[in-house]
Amino acid sequence: MSGEASRRDVLGGLLVAFSLAPFTALAQTGGGEGSGGPPTIAPDLPGTLAKFPDLDAWIRIAPDGRVTVFTGKVELGTGVKTAMAQLAADELDVAINRIDLITADTGLTPNEGVTAGSQTLEQSGTAIANAAANVRLLLAEAAATRWGVMATTLFTRDGAVLDGQGKRATYAELAASTSLAVRARADVPRKRRETRRLIGRPVPRVDLPAKLTGLPSYVHDMRLPGMVHARVLRGPSSGTQLTPDLSALRRQPGVARVVQVGRFAAIVGPREWPLEQALRVANRGRWVRDPSVPALLPMPAGLLDMRRESQVIANRRDDPEARGVQQLSARYDRPYLMHGAIGPSCAVALFAKDQLTVWTHSQGVEPLRQAIAELLAIPADRVRCVHREGAGCYGHNGADDVAGDAALIARAMPGVPVRLQWSREQEHGWEPLGPAMLAQVDATLDASGRIVDWRHQVWSNTHSTRPVAAGDLLAGVEVVPSFKPTPPKPIPQPNGGGDRNAIPLYRFSNQTIVSHFLPDMPVRVSALRGLGAHLNIFALESFMDELAAAAGRDPVAFRLAHLEDPRAAAVIRQVASRFGWARYRSAPNRGRGFAFARYKNHGAYCAIALDVERIPDEGRLIVHRAVAAVDSGEAVNPDGIRNQVEGGIVQSLSWTAFEAAEHDGARRTDYDWSTYPILRFADAPRNVTVEVIDRPGAPFLGTGECAQGPTAAALANALASATGERLRSMPLIGRSLPQT
Amino acid sequence: MNRSGITRKLIWAAVALCVCVLIFAIIAYRPAIATVTRPDPRLFDPALVARGASLARLGNCVSCHQSAGGRPYAGGYPVKTPFGTIYGSNITPDPATGIGKWSPAAFRRAMRQGVGRDGSHLYPAFPYTHYANVTERDLAALYAFLMTRPAVRSVPPANTMIPPLGFRPLLAGWKLLFFRPQRITPDASQSAAWNRGRYIGETLAHCTACHSPRGLFQQEKRGAQAYDGGWSGGWYAPPINAHSPAVQAWTLERLDAYFRTGLSTAHAAAAGPMGSVTHNLARAAPTDVRALAIYYAWQMRDAPAARLEPPLPDRQALASQRYPDGARLYEGACAVCHEPGAAMIVAGRPALPLGTPLHEDNPRDTIQIVLKGLHPPVSPRGPYMPAFADALDDRQVAEIVAYLQMRHGTGPVWQDLEKDVAKARKEGE
Amino acid sequence: MIDLTVNGATTRLDIDTATPLLYVLRDDLGLHAAKFGCGLGQCGACTVLVDDQPVFSCVLPIGAIGTRKVTTVEGLGTAAKPGDVQRAFLHEQAAQCGYCIPGMMARAEGLLRKTVTPTEDELRTAMAPSLCRCGTHMRILRAVRRAAVMRGGGVVDAAEPVT
């Protein structure tokens, strides 16, 4: 075999080194959300290759030359399917349209846990890129052996190995006699920047042509032969129980069957519309408050009175002698927030020949499979969960529960595919919400206007009740005998849950960060995009502006003065420059705001500046301009990054300015879009610019959640600049409206 | 008679005419009031400005003085009258296009007498017939409020009046015939809050402007006919006196809640022009809004529902039989929100038969709701209904309305529904 | 028995005439572009065109359609031959999860059939009945502005220029 030197030479390129240590430390699946996942067996390999080191777990080559790439991650609308196809196609030297990307399927793909925490490219993308590079090298070496030449004399193009002098062997030919069931090698170099065709380019999303022309693309679109429709019966919201009149429902036209298991009940029929009508009849039934759910205290102050488990997550006293001259203190909070997927959760399940297959838009097919197996009391190897896309979920919404519901119904109707869809009201009422949170920040400035002490405390429920067991599914609690939910636990740093991004990236010589974990959940909660980062960055970055004002310093300069990370400084400077920060002139009721964060302190860097206006009397908010810069490390698809950040900005504007999920003590009072209004086109910014800083060769950094926190703070800072009023309670605009 | 006799008569007639025109010109003439430099907004007492803000909400000023998508008080809103369309003027303190150069005296004269700063008469679409009785103190507060708004440079479109009604001096004649400001003296037999409510309702809130019938020249009918129902923007404003057709009593609490939140859970959501009224009342001083509710609950104290709320029929089988198309349309388009078991009904929003439209003596409000839908009146959160104007044709809307009246109505049977649907489409906001 | 003309093809259906059009499109005619988002006429994911007007198909009983022509996104073009609104959306990569986008495109098509020179405010007002949760608003607006140019017009006072 060729020595190490020639392996490096084959592609004549740079050896790209990866820093592996952070990856093994962060290799908790889903960033700590959900189960722990399979063990690391090859710590020298990057990404999830460390858990699945064999190449054929990731890549197969068919006799017709089509390449199948397997990923344990899923497409949520973030564009990762395209990015991963780019990585595979480029590293393999295969046309992108010859790649078939198979996303999470417990029967086919490596178990990469939950697609969450913005780790898809970090974990799966890294694995696929390296696996593809390995496969290309392997096939080149096979051709070299076949032709009796040095592999360094060969090159690859368009799915074939060539010698440049007329000899050519397609991958398909070579793969027929080359096993890919071999362990990946850690030192195979990735493509040099100059030879890349796809990586780093804004390749159009591979899934959009189908989605934009009506080809079935979502789990909602699945229609299997003999399929029946179903609707589940529940009270109006989590914390309630419905007593439907099942015998009356059995007599409703269009209801072929009522499935009942303990308190779980569902109606099944051949057509959807009669079931919708029957569901409405069912909802006339009496509902009561679930007595087992703890009472909800008035929010957000009630968070301070709840039972808590406190932990100091960061403590530094590098300069105990530091003398402060000014002390500031502020409290920031946010209410419960909805995920609010536009398409209510849906699943298709088929129980045939003792095998259950569930098609689901869950973010975690593996833990879901375990939970459903326990729910149905069948072995896990008889349950297969296959991901099919849903509407954007932005975290743990109803996807897992509806899969559990569908599984129960399918088990009652062997051989019949069952399609269960939640109603809009059920999605609003039962999806786990993003937790209400409160942060208290205190800081001390010295005579030179420098922060010499920083203390941040945050109060929050868990940010993950993702199912790992049957008791974590709604159906699991409703069946008899019922299952117990898994007790909630905090997600540990460096990812964090409620304390995500509570530790500043700024360099403060003295700091203490405390996380108050609240185990009691009067409202059903779980992971919402960004987890604690939304509120913690809102607090941290709003407070930085308050301190800057107290120190008499420009907010941008103030931040730069406390940062040591050059990449952080780079995004900040880029935004300040592009926005025209230095030459901005305020006008009455109009102002600018700035904010920055590095997601989880190890994800993508994002800075943002907003130019906003608040119309007096009317209270209307106009976002004239949003300018952001993001550093995601090596940018596989810069347009995908821009899309995620633009979307994150607009979504966070909606959360931060307008949204609050309410509860009247017995039930949630938001059941549709009229009771939970979100940003509409009139409120969308006039102009959004996102600049991507590409760092080829650098590790991929999780991007999907990097904009939520900075946008929230930038808005508060901009409103303070425009109106002179510092707002610390979200929703910033909604809070000032008459309560209806 | 000889020719010179006729000529003499003609000369006398011409002289008489000239004298009349002269007298009329003297009556119609109003001098311009000198301009002032735009007052410095910082010099107004913040408490006075705040008071003026609340009064402006009670007066619903912004509804007529702001166009869709425009800036507050910058004008441009079209008020359609039988005589043409009048556009609300710019009442921001912009010196060039607004009222920035108006003195307090000019403002008072406009509000009290319907005369602009330059001496021109104002169309009574601007309800100075009501504002004539606003107190000096309140006028000063309104002036302070308006002069401290952001100045917006904006010229509204020109009015399109049927000739010769574009000739403003003619309005002096209208005023001569119909403008009779009457002092409002407190009624000692009523509470202070009632008196306050009457003052607000009859002046600033100008409720009779929509809720009273009008004569040939669009003058409001007064006396016994006040509050007997009227029209606004294509919607019917039902009687809000003893003739109120509501089937649920307008108690003080219900009326107060309706004004402040745009929803009475015993009736319905504020729709059409009442949407913007409640939008503004929700932002006015709560004690004043309550006073308004006290007064109008008193106005409706003898309405049938105040004495006894009738049992509400649901003649579903009969209505389905008589209007099968209407029943199927209702089932597919409406039942999902309006029938028992619908989420909003389970959550406590009022059922369809409780709302007054189905019990009015004409179908206009029911038709307009179906055509135009409903936007949450007070804040982005609130009752919402999609518009069906583009989805359903006139016959289908008529079918649904007929079905609904047959099912739930208690008033006289509506006729010519399809024609009224066509008319409603043309009128209305 | 009811005849329904969708994308130029007429089908005879024996279905309860109260059935909202959305279910018929998805379950009986195999047209999946229009989506179920709420069933309440609040989100616009179900938007299709009926005689050039954007309507919520989730609250439009098929009995109400009569001889009017229904156009869904499938009738605007295919993956192989996309129509100009679809091409504009693809050019701007105006989608994240994509669930709301067919409704957006139908609504945009309805606007452009009325006018190819809407103002920016008219554009935003026309699109307002359709909700997007992913925050794709900027790209959706860019796509519609682009489609207006492709049709020989352009948005007046556009908040962002078409590049």
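In the predicted model, 61 residues of chain A are in contact with 58 residues of chain C. Putting these two chains together buries about 5000 Å², and carbon and sulfur atoms give 55% of that area. On the side of chain A, Leu212(A), Phe681(A) and Arg686(A) supply 18% of the area buried against chain C, more than any other three residues.

Seven salt bridges are found across the interface of chain A and chain C. A salt bridge links Arg139(C) to Asp639(A), where the closest N and O atoms are 3.0 Å apart. Polar contacts across the interface of chain A and chain C amount to 33 residue pairs, with both residues at pLDDT 80 or more. Several elements of chain A each supply at least two residues of the side that touches chain C: the helices α6 (208-211), α8 (272-282), α11 (424-430) and α16 (638-658), and the strands β17 (418-421) and β24 (687-693). Of the elements on this side, α16(A) gives the most, with 10 residues. By class, the side of chain A that touches chain C consists of 27 nonpolar, 17 polar and 17 charged residues.

Aromatic pairs were searched for over the whole structure, and 29 were found over all chains. In the pair formed by Trp273(A) and Tyr23(C), the ring centres are 5.8 Å apart and the planes meet at 40°, so the pair is classed as tilted. The angle falls in this class because planes under 30 degrees apart count as stacked and those over 60 as edge-to-face. Trp273(A) belongs to helix α8 of chain A, while Tyr23(C) belongs to helix α1 (residues 21-28) of chain C, so the pair joins two chains.

Chain C also meets chain B. Here 21 residues of chain C are in contact with 15 residues of chain B. The area buried between chain C and chain B is about 1300 Å², with 58% given by carbon and sulfur atoms. In chain C, the residues that lose the most area to chain B are Ala18(C), Leu40(C) and Val59(C), which together account for 30% of what that side buries.

One salt bridge is counted between chain C and chain B. Arg328(B) and Asp16(C) form a salt bridge in which the closest N and O atoms are 2.7 Å apart. The count of residue pairs in polar contact between chain C and chain B is four, both residues being at pLDDT 80 or more. Strand β4 (residues 53-56) of chain C contributes four residues, the largest share of the side of chain C that touches chain B. That side of chain C is made up, by class, of 12 nonpolar, six polar and three charged residues.

Within chain B, three strands form an open sheet in the order β1-β2-β3, with antiparallel pairing. Strands β1 (78-81) and β3 (160-161) of chain B stand at the edges and have a single partner strand each, so one side of each is left without a neighbour in the sheet. Strand β2 (residues 84-87) of chain B runs antiparallel to β3(B) and is joined to β3(B) by two bridges. Opposite Gly84(B) stands Met161(B), which lies in β3(B).

Note on methods
Residues are numbered from 1 along each chain as its sequence is written. Chains are lettered from A and ligands numbered from 1 in the order in which they are written. This is a predicted model: local features need pLDDT of at least 70, side-chain atom pairs count only at pLDDT 80 or more; totals for chains, interfaces and linings use all residues. Side-chain values use heavy atoms; hydrogens and water are left out. Two strands pair if DSSP finds at least two bridges between them. Contact means heavy atoms within 4.5 Å. Buried area is the accessible area (1.4 Å probe) that two parts lose on being put together, summed over both. A salt bridge is a side-chain nitrogen of Lys or Arg within 4 Å of a carboxyl oxygen of Asp or Glu. A polar contact is a pair of N or O atoms within 3.5 Å; within protein, one must be able to donate a hydrogen and the other to accept it, and residues adjacent in sequence count only if both atoms are side-chain atoms. Ala, Val, Leu, Ile, Met, Phe, Trp, Tyr, Cys and Pro count as nonpolar, Asp, Glu, Lys and Arg as charged, and the others, Gly among them, as polar. Rings of Phe, Tyr and Trp (its six-membered ring) pair if their centres lie within 6.5 Å; planes under 30 degrees apart count as stacked, over 60 as edge-to-face and the rest as tilted.
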